[in-house]
Amino acid sequence: MRKLYWTLFLMIIAATLGAQAPARADNPIAPFVDSQTNAVIYVDVTSVDLDQLNAWQQKAMASTNIDALQKARHQKQADDSIARAKKWVSDFKTAGGKDLYVVISLAGMMQGAPGGLIIPLNGANPDALAKVFNPNGNPPPADPNDPNAAQMRQMQQQTAVVGNALVYSTGSGVEKLKTTSNEPRPDLADALSATDKATVRIAFVPSSLKNNPFVAAMLSARRAPGGAPAQPPFSDPQWDAVSWVSISITSPPKESGNCTMQCKDADSAVALADLVTKKIQDAKTDSTQRGSISAEDFDKLAAAVKPKVDGSQVVMALDQDTMDNVVGPILARAAQRNSPPPPQAAPDQAPPAGPPAPPDNNGM
């Protein structure tokens, strides 16, 4: 089931986009974003209902044709994952946590400062919250006689209170987050406020990822030996006219997925919508782009996420009915195809005895 969660997350990012709604204040992260910030993810932990999420997942799995043994194995994995998630959510809420932000800086990853978690205190005890993320506490001060100790300590996970938030990152990341940013990011602020009351909101700027060396390194690592270089993300010129992308995911019992791609003008939005439509058509005819989704299922998904132009925005939306009856079953079947076969019996283990063979004509 872990693959199902990740598949759902990636599919929503790649193929679900939606309309603008009332703004939500972005003040909690304004001091922590700068020109190197590539993306911000917001999670409203208070709106996560893991029992409902598990029920939605089980309903989706019911549409597959896996055998009883495989289904029991998936159920055990799902139960274990849900149990761990429930404990963490319970600990987070008990400590006074309500929501959190993930600030991502790909350039900072090269310097050991990849961004970090920003947890608004909301009146909570920062020490209690810190234990949820860093149970053993911050590492002790480095030995001044050890030249490598300080560098090692900077790579270890740490927490600190900065303003009205708890920050969690590497030592280098925490030090960077302690310095208040003087580089406003209205693009990320607008993207975060494009949707409201969603469980997860993702905001990013395509131009900051287009020629990023960290992304290029990841694509190079994934390339098959002797294969052609992977196309960098957002390399098509239509993406140059996109100011920001906002993605939102609402968890069960009222599940939905939507996102907005904000373009510079109406003409740019039309061009981008045409590009997205072409990419979807290309994936329909190229099985390597569809991954584990069958051609028949991809046709259904493509119809559900058809892009629409709304002024200077390109929007696509998945409502509750589509999530229940199209996306859920499709992702469950894709996860089934990705699932490894059940473990086989050891070579020296005798197969179970079958019924005795019928006697031949000489068996009288």
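Here are some friendly notes on a helix pair and a strand in this predicted model.

1. Let's start with the helices. The axes of H2 (residues 50-61) and H3 (residues 68-94) approach within 10 Å, with a crossing angle of roughly 165°. Angles over 145 degrees count as roughly antiparallel, and H2 and H3 are therefore roughly antiparallel to each other. If you care about handedness, the crossing of H2 and H3 is right-handed.

2. Which residues make up this contact? On the H2 side they are Leu50, Asp51, Asn54, Gln57, Gln58 and Met61. These meet His74, Gln75, Ala78, Asp79, Ile82, Ala85, Lys86 and Val89 of H3.

3. Next, have a look at strand S6 (residues 200-204), which is mostly covered, with five of its five residues buried. Val200, Ile202 and Phe204 point one way from S6, while Arg201 and Ala203 point the other way. Do note Arg201 when you inspect the side chains: a charged residue, and buried along with the others named here.

4. What does S6 pair with? One partner is strand S1 (residues 39-44), in the antiparallel sense and over five bridges. Within that pairing, Ala203 in S6 has Val40 opposite.

5. Strand S7 (residues 242-250) also pairs with S6, and here too the sense is antiparallel, over five bridges. To find your way along this pairing, look for Phe204, whose bridge partner in S7 is Val245.

Notes: Residues are numbered from 1 along each chain as its sequence is written. This is a predicted model: local features need pLDDT of at least 70, side-chain atom pairs count only at pLDDT 80 or more; totals for chains, interfaces and linings use all residues. Side-chain values use heavy atoms; hydrogens and water are left out. Axes are lines fitted to C-alpha atoms, for helices over the stretch in contact, and angles run from 0 to 180 degrees between N-to-C directions. Helices (H or I, at least four residues) and strands (E, at least two) are DSSP runs, numbered from the N terminus. Angles under 35 degrees count as roughly parallel, over 145 as roughly antiparallel, 65 to 115 as roughly perpendicular and the rest as oblique. A crossing is left-handed if the near helix is turned anticlockwise from the far one by less than a right angle, and right-handed if clockwise. Contact means heavy atoms within 4.5 Å. Buried means under 20% relative accessible area, exposed over 50%, partly exposed in between (1.4 Å probe, protein chains only). Two strands pair if DSSP finds at least two bridges between them.
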